[in-house]
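Good morning, colleagues. Please look at the sequence and the model on the screen before we go through a few of the contacts.

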Amino acid sequence: MESTSVVNAGEALFRPVRTGNAFEETVERLLQAIRLGVVGAGERLPSERELAERLGVSRVTLREAIRALSDAGYVESRRGRYGGTFVHDTLPAPPEPGGTVDTVSLEDALSLRYVLETGAAEMAAARSLSPADRQHLTGTLAEAAGADLGDYRRKDSRLHLAIAEVTASGSLTTAMADARTRVNQLLDRIPLLPPNLEHSNAQHEAIVDAILAGDAPAARRAMAEHIEGTASLLRAFLS
């Protein structure tokens, strides 16, 4: 298949919101981009003008949303020539681990993730990737492998989104971002286990290697194995 430019996850996330809940959805989109690592720690959000245009909201609504995220400890505004809205280096801690969730909701989130992510890995491997695509994958893989516990979830999410991005399907990237947000809300309720993270990093490498080699069946199998491991932990702690 012909290679096209990589789909940017920011384009998928910063899409027009519905007018009925403009403020709430603007907060949701900005927070989603931060938690998924699309805008990383210490990085600047797009300009106010650009965000307002892309989200389809007024600057007043956007400023209110940014102020809410600033009050919650996610971003800070800086003045001056190199000013703007920046993501804090350290984000607020997720909820304390523990608790159970509705089994039907859990299985629904896991099923959607399985279909989307195995399909994305297979599709990415089937494409003729550009040098930029390959660099994007290896770069996000390295960042996930080197992440500490406090930043692991964001770097992990960023790698998975990168796989969707190199499929060049904006719709798939959008769906992946939404599904990953649901999964992260579940993952935030269970402890981070270092042995599992080591295993995940090895699986990440196998997935990316298969994609770069153009081996679509192997990429799908590696992603399925990876997702099933995470699903087992979520069922164990939350069911």
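Predicted model: local features only at pLDDT ≥ 70, side-chain atom pairs only at ≥ 80, totals over all residues.

In which helix is Asn 201 found? Asn 201 lies in helix α9, residues 194-212; helices here are DSSP runs of H or I with at least four residues, numbered from the N terminus. Residues are numbered from 1 along each chain as its sequence is written, and side-chain values use heavy atoms, with hydrogens and water left out.

Leaving aside residues up to four places away in sequence, Asn 201 touches Ala 144, Ala 145 and Tyr 152, contact meaning heavy atoms within 4.5 Å.

I turn now to a helix pair. The axes of α6 (residues 131-145) and α7 (residues 152-165) come within 8 Å and cross at roughly 165 degrees; axes are lines fitted to C-alpha atoms over the stretch in contact, with angles from 0 to 180 degrees between N-to-C directions. The two helices, α6 and α7, are therefore roughly antiparallel, the term for angles over 145 degrees. Among the residues that meet are Leu 137 and Leu 141 in α6, and Leu 159 and Ile 163 in α7.

Finally, the charged end of Arg 78 sits over the ring of Phe 86, 4.0 Å from the ring centre; this requires CZ of Arg within 6 Å of the ring centre and within 35 degrees of the ring normal.

Methods: Parallel < 35°, antiparallel > 145°, perpendicular 65-115°, else oblique.
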